[in-house]
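User: I want to learn how to read salt bridges in a model. Please start with the general idea, then turn to the case at hand.

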Amino acid sequence: MAMLSAKIFGDLPRPVSERSQKVIDHFKAAPLGPVHANYYPPLKQYNSLLRKLRFLGIYHDEHMDFVEEMAHKRKLRGKGPPPKGQGKRSKKK
């Protein structure tokens, strides 16, 4: 009878140790979603803002300058992807 009433009222049917009770209370508590959701800064918004400022000439990003310069040099040396239809697979046929 005690087990049946425990099921009905949401209690535990057997006695529980203190350590197990802490786990039960932890899972019964409300989730901490909003607290943990705002932990990280909005990186997408920061990146888009910095890109706009860089395009306007207000912000200077040395790493992006280096990446663009290296890509430009690779293109001058002919290291880019081949035009469509002129790759290795199309030459096999």
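Analyst: A salt bridge is a side-chain nitrogen of Lys or Arg within 4 Å of a carboxyl oxygen of Asp or Glu. Side chains of opposite charge can pair when their charged atoms come close. This is a predicted model: local features need pLDDT of at least 70, side-chain atom pairs count only at pLDDT 80 or more, and totals for chains, interfaces and linings use all residues. Residues are numbered from 1 along each chain as its sequence is written, and side-chain values use heavy atoms, with hydrogens and water left out.

User: How many salt bridges does a search of the whole structure find?

Analyst: The search finds 3. Take Glu69 and Lys73: their closest N and O atoms are 3.5 Å apart. Both lie in helix H5, 4 residues apart, so about one helical turn separates them. Helices (H or I, at least four residues) are DSSP runs, numbered from the N terminus.

User: Which residues are linked in a network of salt bridges?

Analyst: Arg54, Asp65 and Glu68. Arg54 pairs with Asp65 at 2.6 Å between the closest N and O atoms. Arg54 sits in helix H4 (residues 43-56) and Asp65 in helix H5 (residues 62-76), so the pair ties together parts 11 residues apart in sequence. Glu68 bridges to Arg54 at 3.1 Å, again between the closest N and O atoms. That pair links helix H5 to helix H4, 14 residues apart.

Technical notes: Helix = DSSP H or I, 4+ residues; strand = E, 2+ residues; numbered from the N terminus.
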